[in-house]
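Thanks for coming. I will go through one structure today, starting with the contacts to DNA and ending with the charged side chains.

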Amino acid sequence: MTEHESDINHRIWQVITLIPSGKIATYGDVARHAGMPGAARRVGRALRLLPEGTRVPWHRVINAQGRISLPDGSSSQYIQRQRLEAEGIVFRGNKNVDLKRFRWRPGEIDKN
DNA sequence: AAACTGACTTTGA
DNA sequence: CTCAAAGCCAGTT
């Protein structure tokens with residue numbers, strides 16, 4: 001991949017590290033904060049490239065419906081859910097989270 | 001170059 | 001609430 005592409009991925013990962021524990025962000029949110037509004041799919045691609053032992057909190061990124069964008073039954077999907085619940089995120093109807101409640105809003109006061 | 005693909009989003013039925 | 005369609009960005013065939 002080109003130098004430029006790599007820089008973009010790093011910028012995306014950088015933004016994700018800013019999401020505090022107990023909060024989540026949508027792919028669109030991450031794209032926007034990384035300076036490329038509308039590039040949600042680009043964010044998904046950057047996440048795929050993450051190495052296994054990464055410290056980037058990729059599990060805090062979910063889709064605009066408040067659902068996990070990983071195949072049902074996959075181990076990664078299970079892990080993402082486990083990690084989120086461990087951080088206090090609650091799933092409604094065993095499917096989606098309440099975005100109004102857990103969505104990360106940069107700049108707001110952290111009451112952890 | 002054209003078609004296909006996907007860790008996406010929004011809108012409308 | 002679930003679905004499909006259309007828009008979206010960009011890598012792979």
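**DNA contacts and salt bridges**

A polar side-chain atom of Lys95 lies 3.2 Å from a phosphate oxygen of DNA strand C. That is a polar contact, which here is a pair of N or O atoms within 3.5 Å; within protein, one must be able to donate a hydrogen and the other to accept it, and residues adjacent in sequence count only if both atoms are side-chain atoms.

Before going on, the conventions. This is a predicted model, so local features need pLDDT of at least 70 and side-chain atom pairs count only at pLDDT 80 or more, while totals for chains, interfaces and linings use all residues. Residues are numbered from 1 along each chain as its sequence is written, chains are lettered from A and ligands numbered from 1 in the order in which they are written, and side-chain values use heavy atoms, with hydrogens and water left out.

Which residues surround DNA strand C? They are Glu5, Gly38, Arg41, Arg42, Arg45 and Lys95. A residue is near a strand or molecule if one of its heavy atoms lies within 4 Å of it. In the side chain of Arg45, an N or O atom is 2.6 Å from a sugar or linking oxygen of DNA strand C.

By class, the surface near DNA strand C has five charged residues, one polar and no nonpolar. The classes are as follows: Ala, Val, Leu, Ile, Met, Phe, Trp, Tyr, Cys and Pro are nonpolar, Asp, Glu, Lys and Arg are charged, and the others, Gly among them, are polar. Helix H3, residues 40-48, gives the most to this surface, with three residues. Helices (H or I, at least four residues) and strands (E, at least two) are DSSP runs, numbered from the N terminus.

Now the other DNA strand. How many residues surround DNA strand B? There are 14, and the closest are Arg41, Asn63, Ala64, Gln65 and Ser69. Of the atoms of DNA strand B that come within 4 Å of the protein, sugar and phosphate account for 42%.

A polar side-chain atom of Tyr27 lies 3.0 Å from a base nitrogen of DNA strand B. Gly28 uses a polar backbone atom, 3.1 Å from a phosphate oxygen of DNA strand B. For Ser69, a backbone N or O atom lies 2.4 Å from a sugar or linking oxygen of DNA strand B. The elements that give two or more residues to the surface near DNA strand B are helix H2, residues 27-33, and H3. H3 has the largest share, five residues. The surface near DNA strand B divides into six nonpolar, six polar and two charged residues.

Next, the salt bridges. A salt bridge is a side-chain nitrogen of Lys or Arg within 4 Å of a carboxyl oxygen of Asp or Glu, and by this rule the count comes to four.

Asp29, Arg32 and Arg103 are linked in a network of salt bridges. Between Asp29 and Arg32, the closest N and O atoms are 2.8 Å apart. Both residues lie in helix H2, three residues apart, about one turn of the helix. Arg103 forms a salt bridge with Asp29 as well, with the closest N and O atoms 2.9 Å apart. That pair links distant parts of the chain: Asp29 is in helix H2 and Arg103 in the segment after helix H5 (99-102), 74 residues apart.

Are these residues buried or exposed? Buried means under 20% relative accessible area, exposed over 50%, and partly exposed in between, with a 1.4 Å probe and protein chains only. Asp29 counts as buried because its relative accessibility is 5%. Arg32 is partly exposed at 45%, and Arg103 is partly exposed at 27%.

Another salt bridge joins Arg81 and Glu85, the closest N and O atoms being 3.0 Å apart. Both lie in helix H4, residues 75-86, four residues apart, about one turn of the helix. Arg81 is buried, at 19%, whereas Glu85 is partly exposed, at 34%.

Last, Arg81 again. Its charged end sits over the ring of Phe91, 4.3 Å from the ring centre. The rule for that is NZ of Lys or CZ of Arg within 6 Å of the ring centre and within 35 degrees of the ring normal.
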